[in-house]
Amino acid sequence: MVNEVNTEPKKRADMPKTSYSKPMVGATGETGSWRTFSPRIDYERCNKCRTCWLHCPEAVISIDDEGFPRIDLDYCKGCGTCAQVCPPECIEMIRESQEEADD
Ligand code: SF4
Ligand code: SF4
């Protein structure tokens, strides 16, 4: 017998209970200010699986109205977890100085 895999997108309410707090300005300001690498999503390849959203330890990834993940770079710490867990590997970690040069 083959196990059926539920591929429907999940909401936070469907997930196991875990600690969760929204990012906010702390005593030292926005926590993304000292980041050296930042994630860049290739939306052409993103399949809306929400794996990045589920695993981000800073809870700075939200899902927009079309189901795509959006990263709040004011608070993203550049840990790279989202890039590591993304199944189609469509998140690239870019050096901050390189990102400014590309824009
Ligand atoms: S780099 Fe880390 S903190 Fe930033 S969005 Fe990815 S998982 Fe979250
Ligand atoms: S893990 Fe990758 S494919 Fe899945 S929603 Fe995030 S960016 Fe898109």
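How many helices and strands does the protein have? I counted three helices and four strands, taking helices (H or I, at least four residues) and strands (E, at least two) as DSSP runs numbered from the N terminus.

I noted that this is a predicted model, in which local features need pLDDT of at least 70 and side-chain atom pairs count only at pLDDT 80 or more, while totals for chains, interfaces and linings use all residues. Residues are numbered from 1 along each chain as its sequence is written, and chains are lettered from A and ligands numbered from 1 in the order in which they are written.

I then read the order of elements from the N terminus, which is β-α-β-β-α-β-α.

For ligand 1, I found 13 surrounding residues (C-beta atom, placed from the backbone, within 6 Å of the ligand). Cys56, Cys76, Cys79, Thr81 and Cys82 are the closest. I recorded this shell as eight nonpolar, three polar and two charged residues; Ala, Val, Leu, Ile, Met, Phe, Trp, Tyr, Cys and Pro count as nonpolar, Asp, Glu, Lys and Arg as charged, and the others, Gly among them, as polar.

Around ligand 2 I found 14 residues, with Cys46, Cys49, Thr51, Cys52 and Cys86 nearest. I recorded that shell as ten nonpolar, two polar and two charged.

I looked up Gly29 in the segment before β1 (37-41). Gly29 counts as exposed because it has 10 C-beta neighbours inside 10 Å; exposed means 12 or fewer other C-beta atoms, placed from the backbone, within 10 Å, and buried 20 or more.
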